Amino acid sequence: MTVMSYIQAITAALREEMIRDEKVFILGEDVGVKGGVFRATDGLYEEFGEERVLDTPLAESAIAGVGIGAAMYGLRPVAEMQFADFILPAVNQIISEAAKIRYRSNNDWNVPITIRAPYGGGVHGALYHSQSLESIFANQPGLKIVMPSTPYDAKGLLKAAIRDNDPVLFFEHKRAYRLLKADIPEEDYVIPIGKADIKREGSDITIITYGLCIHFALQAAEKLAEEGIDAHILDLRTVYPLDQEAIITAAKKTGKVLLITEDNKEGSIIGEVAAIIAENCLFDLDAPIMRLAGPDVPAMPYSPPMEKYFMVNPDKVEKAMRELAEF
Amino acid sequence: MAREKITMPQLGESVTEGTVSTWLVAVGDKVNKYDPIAEVLTDKVNAEVPSSFSGIIQELIAAEGDTIAVGGLMCYIETEKDVQDEETAANDENDKDLVSVDNTAKENQSMKQRYSPAVLRLAQENNIDLLTVSGTGRGGRITRKDIEKVINAGTIDTLKSETIDVAPTMSKQRETFIPDVNHGDIEIPVQGVRKAIAQNMVRSKQEIPHAWMTVEVDVTDLVTYRNKIKHSFKQQEGFNLTFFAFFVKAVAQGLKEYPQLNSQWAGDKIIQKKDINLSIAVANDQELFVPVIKNADEKSIKGIAKDIVELANKARTRTLKSDDMKDGTFTVNNTGSFGSIHSMGVINYPQAAILQVESIVKRPVIINDMFAARDMVNLSLSLDHRILDGLVCGRFLARVKEILENMNETTTNVY
């Protein structure tokens with residue numbers, strides 16, 4: 001076991017996959033010589049050379065397009081979007097090409113690409129460095145969207161994404177990079193995409209969320225445990241397609257469900273989670289399904305008090321959890 | 001003047017901690033707002049930490065080389081302006097608002113009959129009347145957990161009603177049977193003392209497994225003695241010297257020697273009471289009271305007789321106070337005053353036993369193979385068989401009998 005930060009787990013997964021399979025290569029802005037602005041690809045250029053760690057122009061559409069083409073011809077590219085906010089110029093490539101090629105070609109072609117992108121706010125990143133964009137891609141069959149919450153999950157899921165034969169969007173919360181540290185086993189392990197994970201067993205209320213919000217929920221849960229409120233926490237891990245069975249089981253367990261996302265509330269991932277619960281769990285529900293999310297305003301503000309107002313944090317989660325428990 | 005904290009600032013996206021490489025100030029230094037106070041190293045940048053206040057550095061908390069989380073305390077600075085107080089005052093006000101809102105929420109019962117789908121389903125599946133379930137949710141709402149608790153607690157009842165058809169009828173009989181009222185019948189509402197008596201008796205008979213025992217006592221000597229002194233006693237003291245006072249005295253002494261009978265059932269334990277406080281049954285036309293002779297074992301026969309008279313008067317004039325009625329540990333019931341020669345008392349809950357002192361009757365008794373006319377009395381004991389067994393009660397009764405049979409002019413002094 002080694003203690004690794006979230007970003008070290010990412011780097012380790014990339015490195016191990018590049019050693020394991022020479023078809024794996026990395027492309028993105030500043031991923032090579034610099035080692036990435038967050039240092040996710042630190043040391044990989046030196047180890048694997050410029051042919052497998054490619055610095056690209058500032059053109060996200062090209063990063064995605066080149067990656068998709070290479071993937072169709074049998075390579076396993078890992079494309080990095082420097083910030084998830086910058087993925088938007090590549091949306092056409094991702095949605096219209098990567099997601100649909102297997103279907104359009106009647107299974108003749110497939111696109112085993114992984115697109116990594118740091119998302120999320122609370123880091124004084126303001127408009128262009130704080131967004132959560134998963135919901136843009138979350139109704140595109142053919143795509144998978146993975147958003148791990150822990151270093152352990154990040155490593156296992158990134159390996160699964162690279163080995164997956166279809167396109168995977170891999171969103172990493174940039175605040176988690178150095179905030180979260182955990183023991184990571186030495187041996188190779190893979191966590192299956194599409195499976196949610198129970199991060200805390202409890203019997204009073206069910207929290208379903210993903211990414212950094214898992215930690216807010218865990219922190220709040222520990223505090224509330226002292227008051228006798230016992231929270232059950234489900235980590236979606238893959239936000240598209242959703243693990244319906246795990247969601248239904250977790251919701252039925254307590255009948256009181258709180259859904260959390262850092263994204264703007266309306267049209268977010270958790271709205272879909274709420275729909276799954278409403279369709280399947282009516283007679284087990286003991287309270288209205290509750291959502292805690294960012295406000296429906298266009299962007300994460302830069303001003304610290306405003307950013308604090310926008311962001312989900314442990315206090316807000318605790319308050320919502322208590323309110324639901326007391327209902 | 002105010003003591004302010006300077007904390008590790010956020011030094012870049014994704015940076016969550018920083019290492020203090022050099023302090024640029026020392027304790028006692030005067031700094032202006034925005035002056036650099038320390039150099040900090042993160043895995044992204046090297047940066048200077050600016051002071052958030054103007055003032056004098058008071059205490060450096062972080063040592064050089066320490067890694068501090070963002071928001072973690074680095075040092076204290078003494079400023080000229082009192083900012084903190086205003087903030088806390090404002091916070092206090094907010095807190096007050098929150099508290100008052102909370103209180104109103106708790107008293108509110110508006111959600112009592114708003115049922116969630118889960119609660120309704122569980123209630124139907126388990127035949128639970130929701131009006132009988134109390135809710136712990138907001139506004140008195142019955143939560144899924146509340147109803148699950150009821151289901152778990154009541155499993156046995158539910159099973160019974162499913163398997164045995166007679167069960168519902170039986171439980172109906174438990175509810176009071178209401179007879180017809182015919183013309184000319186008088187209806188007396190049950191309230192006050194009558195109601196309390198009813199409840200106590202039901203409780204005692206339902207909860208306590210009663211057992212009974214009676215001994216016969218020869219009180220000829222006692223009768224002789226008491227009859228001899230009763231007139232002078234009345235003249236001297238102004239109240240009657242009753243037989244009952246002697247019995248109470250004997251019982252108090254017996255309890256002192258057999259404290260097992262002076263105890264109470266408390267579920268997982270038996271509480272043996274230190275004080276011997278004897279409840280005595282006193283009735284007026286409608287009601288029955290059981291006032292208490294406190295510490296009867298410490299009183300003379302005269303003192304007991306006086307207590308009895310006073311308590312009986314209070315009962316008749318309905319001036320008994322709750323103090324007069326409480327803390328009884330054993331009851332002595334003077335059933336003999338109605339001419340009863342045998343009875344089975346209901347234990348005065350939560351005591352362990354009750355003793356009925358029956359009528360003193362002159363009867364032919366065989367002593368040394370000869371008939372003799374003796375004053376005989378029956379003492380009937382009802383006991384809580386959870387606490388007491390026949391053996392100890394038999395010994396107790398034998399002891400009381402012995403005491404009473406030895407009460408005479410030479411052995412006993414009423415004062």
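Author: Strand E2 (residues 17–23) of chain B pairs with strand E7 (residues 67–69) of chain B in the antiparallel sense, over three bridges. Strands here are DSSP runs of at least two residues, helices (H or I) are runs of at least four, and both are numbered from the N terminus; two strands pair if DSSP finds at least two bridges between them. This is a predicted model, in which local features need pLDDT of at least 70 and side-chain atom pairs count only at pLDDT 80 or more, while totals for chains, interfaces and linings use all residues. Residues are numbered from 1 along each chain as its sequence is written, chains are lettered from A, and ligands are numbered from 1, in the order in which they are written.

Reader: Which residue in E7(B) does Glu17(B) stand opposite?

Author: Glu17(B) stands opposite Ala69(B).

Reader: And how many bridges join E2(B) and strand E4 of chain B?

Author: Four, again in the antiparallel sense, with E4(B) spanning residues 36–41. There, Thr19(B) has Leu41(B) as its bridge partner.

Reader: Changing topic: how many residues of chain B are in contact with chain A?

Author: 16 residues of chain B are in contact with 19 residues of chain A, contact meaning C-beta atoms, placed from the backbone, within 7 Å. Helix H2 (residues 117–125) of chain B gives the most to that side of chain B, with four residues.

Key:
Contact = placed C-beta atoms within 7 Å.
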